[in-house]
Amino acid sequence: AGTFVSGGSIANLTALFAAVGGFGNVDERAQCALLLPGCAHVSIKKSAAILGIAPGHLHVVEGDALGRADLSSLRMALRASGAQRKVVVGVLGSTVHGAVEDIQGLAEVSVAHGAWLHVDAVYGGALAFSHRHRKLLSGLDSADSVAVGPQKWMYVPRVSSIVWVKGRDRYDRAL
């Protein structure tokens, strides 16, 4: 299920709001761990602050020169986290370098560790329309939430984004 919102930053905030429990469990947010790659958009850290995720529970996962998370480092960080709720952020097209992470790998690691996977595809979601590059979306169907920005590559003339949350019941409970 999904909704339109007024831009990529709000899309990421909305998805992370769902990831931390939406309108429920507000007191537990300070205990939520947010694991993100170095290439994550600044809106992810801003969203964490707005949602009340403690700064000490933000973990930038070690990665490559483009900021893509190393899956072994992500596994270690998830194992080391004592948080009850864990949220992993994946990036499908970073703003600076266009970095595309291994979404399938992130999905497998997230599932194995009971973590919510949010994919920021605001910039790279339009790859769905590319026959040549669509393979980079592999694993996206395993994400718990996805943000896409039609204004980036789909010629939508105003700032807009779409947020999807896997499962109508989860979407309704959280949002």
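**Contacts, burial and salt bridges**

Modeller: Happy to! Let's start with A83: apart from neighbours within four places in sequence, A83 is in contact with Q31, C32 and A33. Keep in mind that this is a predicted model.

Colleague: Where is A83, then?

Modeller: A83 sits in the loop between α3 and β4, the strand spanning 86-91.

Colleague: And is A83 buried or exposed?

Modeller: A83 is buried, as its relative accessible area is 12%. The cut-off for buried is under 20%, so A83 falls in that class.

Colleague: What about A83 and V146, how far apart are they?

Modeller: Their C-alpha atoms are separated by 22 Å, and along the chain A83 and V146 are 63 residues apart.

Colleague: Okay, new topic. Where does H118 lie?

Modeller: H118 is in strand β5. With 0% relative accessibility, H118 counts as buried.

Colleague: Which residues is H118 in contact with?

Modeller: Once neighbours within four places in sequence are set aside, the contacts of H118 are N12, A15, L16, I44, V88, V89, G90, S145, V146 and A147.

Colleague: Which side chains make a polar contact with the side chain of H118?

Modeller: One is the side chain of N12, at 2.7 Å. Another is the side chain of S145, at 2.9 Å.

Colleague: Now for charges. How many salt bridges are there in the whole structure?

Modeller: A search of the whole structure finds three. Let's take them one by one.

Colleague: How accessible are R68 and D64?

Modeller: R68 has a relative accessible area of 28%, which makes R68 partly exposed. D64 is also partly exposed, at 34% relative accessibility.

Colleague: And the next one?

Modeller: D144 and R170 form a salt bridge through their side chains, at 2.9 Å from N to O. D144 is in the loop between β5 (116-121) and β6 (145-148), while R170 is in helix α6 (residues 168-174), so this pair ties together parts that are 26 residues apart in sequence.

Colleague: Is D144 buried or exposed?

Modeller: D144 is buried, with a relative accessible area of 13%. R170 counts as partly exposed, at 27% relative accessibility.

Colleague: Which pair is left?

Modeller: D172 and R168, whose side chains meet in a salt bridge at 3.7 Å, N to O. The cut-off for a salt bridge is within 4 Å, so the D172 and R168 pair qualifies.

Colleague: Where are D172 and R168?

Modeller: Both are in helix α6, and they are four residues apart, which is about one turn of the helix. D172 is partly exposed, with a relative accessible area of 47%, whereas R168 counts as exposed at 52% relative accessibility.

Colleague: Last topic: where is R79, and how exposed is R79?

Modeller: R79 lies in helix α3, which covers residues 71-80. R79 is exposed, with a relative accessible area of 56%.

Colleague: How far is R79 from K166?

Modeller: The C-alpha atoms of R79 and K166 are separated by 24 Å, and the two are 87 residues apart along the chain.

How values were computed
Residues are numbered from 1 along each chain as its sequence is written. This is a predicted model: local features need pLDDT of at least 70, side-chain atom pairs count only at pLDDT 80 or more; totals for chains, interfaces and linings use all residues. Side-chain values use heavy atoms; hydrogens and water are left out. Buried means under 20% relative accessible area, exposed over 50%, partly exposed in between (1.4 Å probe, protein chains only). Helices (H or I, at least four residues) and strands (E, at least two) are DSSP runs, numbered from the N terminus. Contact means heavy atoms within 4.5 Å. A polar contact is a pair of N or O atoms within 3.5 Å; within protein, one must be able to donate a hydrogen and the other to accept it, and residues adjacent in sequence count only if both atoms are side-chain atoms.
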